[in-house]
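Work through the exercises below with the sequence and the 3D structure at hand. Try each task before reading its solution.

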Amino acid sequence: MSTKTTLYGPFNELLTLEGIDLHGSISDEDLVVEKGWGVLVKEGLVHKTGSYEQLFKEHPDAHLELNGENKLVAMPAFIDSHTHICYGGNRAKDYAQRVSGKSYLEIAAAGGGIMDTVRETRKATEEELVQSILAKVEEHKNRGIATIEVKSGYGLNVDDELKMLRAIKKANALTCIDLIPTFLGAHLKPSDYEGDNASYLKYLMEEVVPVIQEEDLAQRADIFVEEGAFTIEEARHYAKQLKVKGFDMTMHVDQFHNGGAELAVDEGCVSADHLECTTSQSASIFDGSETVAVALPGASLGLGMQYTPARSILDQNGCLAIASDWNPGSAPMGDLVTQAAIMGAAEKLSIAETLAAITFRAARALRIPEGRLTVDHPAKLVVFDTDDYRNILYKQGQLRPSYLIVREECYELPAAIV
């Protein structure tokens with residue numbers, strides 16, 4: 001590895017996000033905003049933060065980046081902890097039906113929905129999926145996102161689930177952005193599978209999981225717990241089996257019906273995602289839990305339904321992350337910061353709570369050491385040309401970052417809107 005040392009700054013405002021708890025509510029007064037600070041990066045890791053002048057004196061041979069810029073705000077790069085950006089095709093037809101009055105579940109029951117995307121993804125070659133992923137990754141990069149979770153789940157058979165996971169692995173090797181794969185073969189039982197849910201899950205365990213482990217394609221797995229997908233007991237059995245094999249488990253729960261979130265917490269899942277139908281009362285199950293509650297406002301916007309009860313989760317000492325759920329059906333927008341800002345306004349989240357939800361609390365959902373500017377942690381920063389960090393959410397995604405720093409490289413991004 002290179003021994004390059006780089007000093008970034010000085011920043012008009014630097015938010016390290018250190019010292020804030022993983023659980024519970026956060027006031028904006030809890031955010032420490034340092035003025036005139038810099039970040040020293042060595043071998044791709046944060047080496048030190050502090051007064052830019054002092055860091056410059058201590059490390060006169062360091063390579064200087066962003067020196068002389070007028071007004072810059074820097075903070076940890078954003079993390080999108082739940083996406084489905086590996087897919088083929090388009091579901092504009094579904095969207096038109098939904099806004100005309102049909103429900104997501106009605107469309108799926110009629111053979112549309114996820115199965116439409118399954119058919120198109122099965123047609124796509126591995127290389128076509130790689131290029132499709134990379135195009136979406138570039139969009140996320142330009143929005144300041146340096147880490148992206150990417151699920152399979154549109155193959156739903158041995159060959160195509162493995163094709164998706166291999167495509168994610170190849171794409172990861174071709175970008176500076178970190179892609180974290182999740183096996184979602186249990187998205188639903190495909191319509192062309194002859195057998196019940198239990199036999200399909202057994203098929204995944206026996207035919208797909210061993211190859212995933214042999215080729216090191218994923219260390220995380222997911223299951224959709226919902227009417228038309230898998231029951232609580234089916235998901236419980238499946239999760240236990242995968243945990244024995246060493247997988248971190250997450251679950252799609254409480255999107256259309258209540259009850260799955262308790263299962264995710266009981267089974268020690270790293271996260272419980274969606275939660276639109278989690279009630280304010282049942283949100284208490286996240287009180288101090290190691291299971292992160294992941295809100296997906298993109299799905300709420302795409303489906304025209306209520307948001308995850310984020311305010312109740314935080315007020316009851318839960319750990320809340322926000323992710324985009326970028327997918328071709330229910331959440332086609334893919335703009336994490338816009339979605340987080342809009343949900344933050346609706347749920348009355350502080351600026352600090354929303355920023356935490358797309359940085360270090362999102363990192364917790366993925367169990368990665370990121371989301372804060374902590375010594376010896378990966379150096380990932382997003383930099384905005386503004387004089388006030390609050391503008392990031394105030395502009396609701398329209399203030400685009402000017403730079404993204406990923407380990408040892410500083411990428412100048414397309415012109416920001418100011």
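**Exercise 1. Which residue in the hairpin of β16 and β17 takes a positive phi, and how do β16 and its partners pair?**

Step 1. Helices (H or I, at least four residues) and strands (E, at least two) are DSSP runs, numbered from the N terminus. The hairpin of β16 and β17 has 2 residues between the strands, and R407 there takes a positive phi near 60 degrees. The model is predicted: local features need pLDDT of at least 70 and side-chain atom pairs count only at pLDDT 80 or more, while totals for chains, interfaces and linings use all residues. Residues are numbered from 1 along each chain as its sequence is written, and side-chain values use heavy atoms, with hydrogens and water left out.

Step 2. Two strands pair if DSSP finds at least two bridges between them. Strand β16 (residues 403–406) and strand β17 (residues 409–412) are antiparallel and share 4 bridges. In this pairing V406 stands opposite E409.

Step 3. Strand β15 (residues 380–384) is also joined to β16 by 4 bridges, again antiparallel. Here K380 stands opposite V406.

Step 4. From β16, Y403 and I405 point one way, and L404 and V406 the other way. All of these residues are buried, where buried means under 20% relative accessible area, exposed over 50%, and partly exposed in between (1.4 Å probe, protein chains only).

**Exercise 2. Where is the kink in helix α7, and which elements do its buried residues pack against?**

Step 1. Helix α7 (residues 197–214) has 18 residues. From first C-alpha to last it reaches 25 Å, close to the 26 Å expected at 1.5 Å a residue; the expected span is 1.5 Å times one less than the number of residues.

Step 2. The bend at a residue is the angle between axes fitted to the seven residues ending there and the seven starting there. In α7 a kink of about 40 degrees lies at V208, shortly before the proline P210.

Step 3. An α-helix has 3.6 residues a turn, so residues three or four places apart point the same way. Among the buried residues of α7 are N197, Y200, L201, L204, M205 and V208.

Step 4. The buried residues of α7 pack against α6 (158–173), β9 (178–186), β10 (220–224) and α8 (232–244). After α7 comes D216, with a positive phi near 55 degrees.

**Exercise 3. Which residues lie nearest the centre of the largest pocket, and which lie nearest the centre of the largest cavity?**

Step 1. On a 1 Å grid over the protein atoms alone, a cavity is a set of points where a 1.4 Å probe fits but cannot get out, and a pocket is an open set with protein on both sides within 12 Å along at least five of seven lines; lining residues have an atom within 4 Å of a point. Grid points are joined across faces, edges and corners, and a volume is the space filled by probe spheres set on the points.

Step 2. The largest pocket has a volume of about 420 Å³. Its lining has 18 residues, and L179, I180, P181, Q219 and R220 lie nearest its centre. Two or more lining residues come from each of α6 and β9, with β9 giving the largest share, 4 residues.

Step 3. The count of cavities of 30 Å³ or more is 3. The largest cavity holds about 100 Å³ of space. Of the 13 residues that line it, H84, Y104, H187, N327 and S330 lie nearest its centre.

Terms used:
Contact means heavy atoms within 4.5 Å.
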